[in-house]
Amino acid sequence: MWKELILMSKTTKTNILLIILAIVLIVLPLVVNPGAEYGGADGHAEEAITEINPEYEPWFASFYEPPSGEIESLLFSTQAAFGAGIIGYILGNLKGKKSGREEMRKELEAKTSEKSDDKE
């Protein structure tokens, strides 16, 4: 097992370390405070606003109210996954363009060095 770990590329080791770190960050709060309620910030914000100004009226209302909390969570996670896909596509596209430019530069340098060798 240790031989395989030593033979892994630096990128693979970094990815494994990041995955372990993400798992620790997810599990640690559940272990440290198992009885806590992990809710969203919307309810807390609403409570804080009513404490500060009890007569506050929202500027607008939601045009769609999900029928249950599960559907709301589904929509939220779908939105997050869609956003992550777009960001991943953009970053991959930028990296692909960069590596393509580097490859073209190397090919151009190789051709120009061949031409200069032919002239001599």
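Trainee: What makes Phe-82, Ile-86, Ile-87, Tyr-89, Ile-90, Leu-91 and Leu-94 a nonpolar patch on the surface?

Mentor: Patches are built from residues with over 30% relative accessible area and no salt bridge, and nonpolar side chains (Val, Leu, Ile, Met, Phe, Trp, Tyr) are joined within 5 Å, like charges within 9 Å. These residues come out as one such patch, with about 770 Å² of accessible area together. The areas are Shrake-Rupley values with a 1.4 Å probe, and for residues only the protein chains shown count as cover. Bear in mind that this is a predicted model: local features need pLDDT of at least 70 and side-chain atom pairs count only at pLDDT 80 or more, while totals for chains, interfaces and linings use all residues. Residues are numbered from 1 along each chain as its sequence is written, and side-chain values use heavy atoms, with hydrogens and water left out.

Trainee: Why is Phe-82 called exposed?

Mentor: Buried means under 20% relative accessible area, exposed means over 50%, and partly exposed is in between (1.4 Å probe, protein chains only). Phe-82 has 60%, so it counts as exposed. Phe-82 lies in helix 4, which spans residues 69-119. Helices here are DSSP runs (H or I, at least four residues; strands are E, at least two), numbered from the N terminus.

Trainee: How do you know that Arg-105 forms a salt bridge with Glu-109?

Mentor: The rule asks for a side-chain nitrogen of Lys or Arg within 4 Å of a carboxyl oxygen of Asp or Glu. For Arg-105 and Glu-109 the closest N and O atoms are 3.2 Å apart, so the pair meets that definition. Side chains of opposite charge can pair when their charged atoms come close. Both residues lie in helix 4, 4 residues apart, or about one turn of the helix. The structure holds 1 salt bridge.

Trainee: Is Arg-105 buried, exposed or partly exposed?

Mentor: Partly exposed, because its relative accessible area is 42%. Glu-109 gets the label partly exposed too, at 43%.

Trainee: What makes Asp-42, Glu-46, Glu-47, Glu-51, Glu-65 and Glu-72 a patch of negative charge?

Mentor: Asp and Glu count as negative, Lys and Arg as positive, and His and the chain ends are not counted. The place of a charge is NZ of Lys, CZ of Arg, CG of Asp or CD of Glu. On those terms, the six names you listed gather in a negative patch on the surface. Its largest share, 4 residues, comes from helix 3 (residues 41-52). Glu-72 sits in helix 4 and is partly exposed at 43%.

Trainee: Which residues form the positive surface patch?

Mentor: Lys-95, Lys-97, Lys-98 and Arg-101. Lys-98 belongs to helix 4.

Trainee: Why is helix 3 said to lie largely in the open?

Mentor: Of its 12 residues, the number buried is 0, so helix 3 lies largely in the open. His-44 is in that helix and, at 56%, counts as exposed.

Trainee: What span does helix 3 reach from its first C-alpha to its last, and what is expected?

Mentor: The expected span is 1.5 Å times one less than the number of residues. Helix 3 reaches 16 Å, close to the 16 Å expected.

Trainee: How do you know which label Pro-29 gets, buried, exposed or partly exposed?

Mentor: Pro-29 has 35% relative accessibility, so it counts as partly exposed. Pro-29 lies in helix 2 (residues 10-32), and its C-alpha is separated by 32 Å from that of Gly-92, 63 residues apart along the chain.
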